[in-house]
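Please open the model in your viewer and keep the selection tool at hand. The stops below go from the whole chain to single side chains.

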Amino acid sequence: MIKMSVYYPAAGGSKFDHDYYRTRHMPLLQERLGDACLRYEIDKGIAGREPGSAPGFVAACHVYSPSVAIFEAALAPHRAEISADVANYTDIAPIVQISEVVEG
């Protein structure tokens with residue numbers, strides 16, 4: 001199993017609409033990926049490492065899929081639509097990582 005993680009770094013003055021992300025964008029992604037999306041999680045940054053410090057990321061999502069090949073094949077026909085929707089909730093350039101889930 002793999003996990004695609006998308007991190008949105010906290011940057012002063014940047015926008016991020018958590019409600020839109022939760023109610024519109026991620027359900028859109030899940031619908032388009034179909035069975036290639038086993039599940040997803042959304043994180044909302046609330047604090048950093050030190051007490052009272054700001055979070056390093058305003059949000060993140062983690063999409064679980066059976067394999068990279070299955071994920072990429074499901075995403076390919078919808079990539080433009082999903083990418084175009086990003087402007088509806090943020091102006092932050094995300095950091096993306098695909099990982100192999102080795103436990104859990």
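Predicted model: local features only at pLDDT ≥ 70, side-chain atom pairs only at ≥ 80, totals over all residues.

Residues are numbered from 1 along each chain as its sequence is written, and side-chain values use heavy atoms, with hydrogens and water left out.

**The whole chain**

Show the chain as a cartoon and look for three helices and four strands, which are DSSP runs numbered from the N terminus (helices are H or I, at least four residues; strands are E, at least two). Followed along the sequence, these elements give the pattern β-α-β-β-α-α-β. The radius of gyration is 14 Å, close to the 13 Å that the globule rule gives for 104 residues, so the chain is as compact as a globular protein of that length; the radius is taken over C-alpha atoms, and the rule is 2.2 Å times the number of residues to the power 0.38. Along the principal axes, the C-alpha atoms fill a box of roughly 40 × 35 × 20 Å. Among contacts (heavy atoms within 4.5 Å) between residues at least 6 apart in sequence, 77% join residues at least 24 apart.

Select Val6 next, in strand β1 (residues 2–9). Val6 counts as buried at 8% relative accessibility, where buried means under 20% relative accessible area, exposed over 50% and partly exposed in between (1.4 Å probe, protein chains only). Leaving out residues up to four places away in sequence, Val6 touches Ala59, Ala60, Cys61, Pro94, Ile95 and Val96.

Which residues have the most contacts inside the largest nonpolar core? They are Tyr8, Phe16, Tyr21, Leu29, Leu33, Val63 and Phe71, in a core of 21 residues; such a core is a set of buried Ala, Val, Leu, Ile, Met, Phe, Trp, Tyr and Cys residues joined through side-chain atoms within 4.5 Å. At least two residues of this core come from each of β1, α1, β3 (57–65) and α2 (68–75), and α1 gives the largest share, five residues. Centre the view on Leu33, which touches Val63, Phe71, Ala74 and Leu75 when residues up to four places away in sequence are not counted.

**The aromatic rings**

Now display the side chains of Tyr8, Phe16, Tyr20, Tyr21 and Tyr89, which form one aromatic cluster. Rings of Phe, Tyr and Trp (its six-membered ring) pair if their centres lie within 6.5 Å, and planes under 30 degrees apart count as stacked, over 60 as edge-to-face and the rest as tilted. By this rule the count comes to eight aromatic pairs. Phe16 and Tyr21 form an edge-to-face pair, 5.1 Å centre to centre with 65 degrees between the planes, whereas Tyr21 and Tyr89 form a tilted one, at 4.8 Å and 50 degrees. Tyr21 lies in helix α1 (residues 18–33) and Tyr89 in the loop between α3 (79–85) and β4 (95–100), so this pair ties together parts that are 68 residues apart in sequence. Tyr21 is buried at 0% relative accessible area, and Tyr89 is buried at 0% relative accessibility.

**A charge over a ring**

Finally, select Arg39 and Tyr64: Arg39 lies over the face of Tyr64, at 3.8 Å from the ring centre. A charge sits over a ring if NZ of Lys or CZ of Arg is within 6 Å of the ring centre and within 35 degrees of the ring normal.
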